[in-house]
Amino acid sequence: MARAGTASALTLAAVGGSIAVPGLATDASAATLATKALKVAASKKGAPYAWGATGPRRFDCSGLTLYSFKKAGKKLPRTAAQQYNKTHHISARSRKAGDLVFFHSGSSVYHVGIYAGHGKIWHAPRTGDVVRLQKIWTKSVWYGRVN
């Protein structure tokens with residue numbers, strides 16, 4: 001039985017509360033947004049890739065990020081390049097779970113995923129594939145934080 005003045009995780013969830021996770025991020029609001037978006041993306045594991053799709057059952061790369069952040073409470077533009085232009089650009093050293101990872105060739109952004117930590121992203125890779133967690137396979141990436 002819980003003592004007076006304490007609440008279980010289930011009680012908090014039932015009333016829409018939250019539990020602080022120490023060390024998750026310094027900016028609480030950005031951390032909450034990023035964490036929510038990351039959880040949404042992860043919940044879509046196995047959803048098929050479809051060019052131009054923005055969910056809820058099929059996604060392309062920027063459709064997954066758009067959908068995930070929309071569910072977390074933030075509107076993003078449609079394409080990976082437009083999303084890159086709307087984020088706060090950060091260094092690889094500063095990246096945190098929930099930041100966007102933009103794949104580029106020269107100055108052209110061609111793919112986006114959500115950083116999951118440990119060098120991995122949640123993304124919708126390509127036709128014939130599904131939303132999945134994958135190791136970042138190239139150094140040709142830029143990072144952006146959604147504010």
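**Reading the core and the strands**

Mentor: Begin with the inside: the largest nonpolar core has 25 residues, and Phe59, Phe69, Leu100 and Val131 have the most contacts inside it. Keep in mind that this is a predicted model.

Trainee: Which residues does valine 131 touch, leaving aside its neighbours within four places in sequence?

Mentor: Valine 131 is in contact with Ala41, Lys44, Lys45, Gly46, Ala47, Phe59, Leu64, Trp122, His123 and Ala124, once those neighbours are left aside. For the protein as a whole, take the contacts between residues at least 6 apart in sequence: 51% of them join residues at least 24 apart.

Trainee: How many helices and strands are there, and in what order do they run from the N terminus?

Mentor: The protein has four helices and six strands. From the N terminus on, the order is α-α-α-α-β-β-β-β-β-β.

Trainee: What share of the residues is buried?

Mentor: Of the 147 residues, 41% are buried. The accessible surface comes to about 8800 Å², and carbon and sulfur atoms account for 55% of that surface.

Trainee: How should I read a helix?

Mentor: An α-helix has 3.6 residues a turn, so residues three or four places apart point the same way. Now look at α3, which has twelve residues and reaches 17 Å from its first C-alpha to its last, close to the expected 16 Å.

Trainee: Is α3 enclosed or open, and why?

Mentor: Ten of the twelve residues of α3 are buried, so the helix is largely enclosed by the rest of the structure. The buried ones are Cys61, Ser62, Gly63, Leu64, Thr65, Leu66, Tyr67, Ser68, Phe69 and Ala72. Just after α3 comes glycine 73, with a positive phi of about 110°.

Trainee: What about threonine 32: where is it found?

Mentor: Threonine 32 is in helix α2. Its relative accessible area is 40%, and therefore it counts as partly exposed. Glycine 98 is 66 residues away from threonine 32 along the chain, and their C-alpha atoms are separated by 9.3 Å.

Trainee: And how do I read a strand?

Mentor: In a regular strand the side chains alternate between the two faces of the sheet.

Trainee: In what sense does β3 pair with β2, and over how many bridges?

Mentor: β2 and β3 pair in the antiparallel sense over six bridges. Phenylalanine 103 stands opposite histidine 111 in β3. The two strands form a hairpin with two residues between them, and glycine 106 in the turn has a positive phi of about 65°.

Trainee: Which residue takes a positive phi in the hairpin of β3 and β4?

Mentor: Histidine 118 does, with a phi near 55°, and this hairpin has two residues between its strands. β3 and β4 (residues 120-123) are antiparallel and pair over three bridges. Isoleucine 114 stands opposite tryptophan 122 in β4, and glycine 117 stands opposite lysine 120.

Trainee: How many bridges join β4 and β5?

Mentor: Four bridges join them, in the antiparallel sense, and β5 covers residues 132-135. Follow tryptophan 122 across: its bridge partner in β5 is leucine 133.

Trainee: How many aromatic pairs does the structure hold?

Mentor: The structure holds five aromatic pairs. Take tyrosine 84 and phenylalanine 102: their ring centres are 5.1 Å apart and their planes are at 75°, so the pair is edge-to-face. Tyrosine 84 lies in helix α4 (residues 80-86) and phenylalanine 102 in strand β2 (residues 100-105), so the pair ties together parts that are 18 residues apart in sequence.

Trainee: Are tyrosine 84 and phenylalanine 102 buried or exposed?

Mentor: Both are buried. Ring pairs also link Tyr84 and Phe102 with Trp142 into a cluster.

Notes: Residues numbered from 1 in each chain as written. Predicted model: local features only at pLDDT ≥ 70, side-chain atom pairs only at ≥ 80, totals over all residues. Heavy atoms only, no water. Buried < 20%, exposed > 50% of the residue type's maximum accessible area, 1.4 Å probe, protein only. Contact = heavy atoms within 4.5 Å. Areas by Shrake-Rupley, 256 points an atom, 1.4 Å probe, with all protein chains shown as cover. Phe/Tyr/Trp six-rings, centres within 6.5 Å; stacked < 30°, edge-to-face > 60°. Core = buried A, V, L, I, M, F, W, Y, C linked by side-chain atoms within 4.5 Å. Expected span 1.5 Å × (residues − 1). Pairing = 2+ DSSP bridges.
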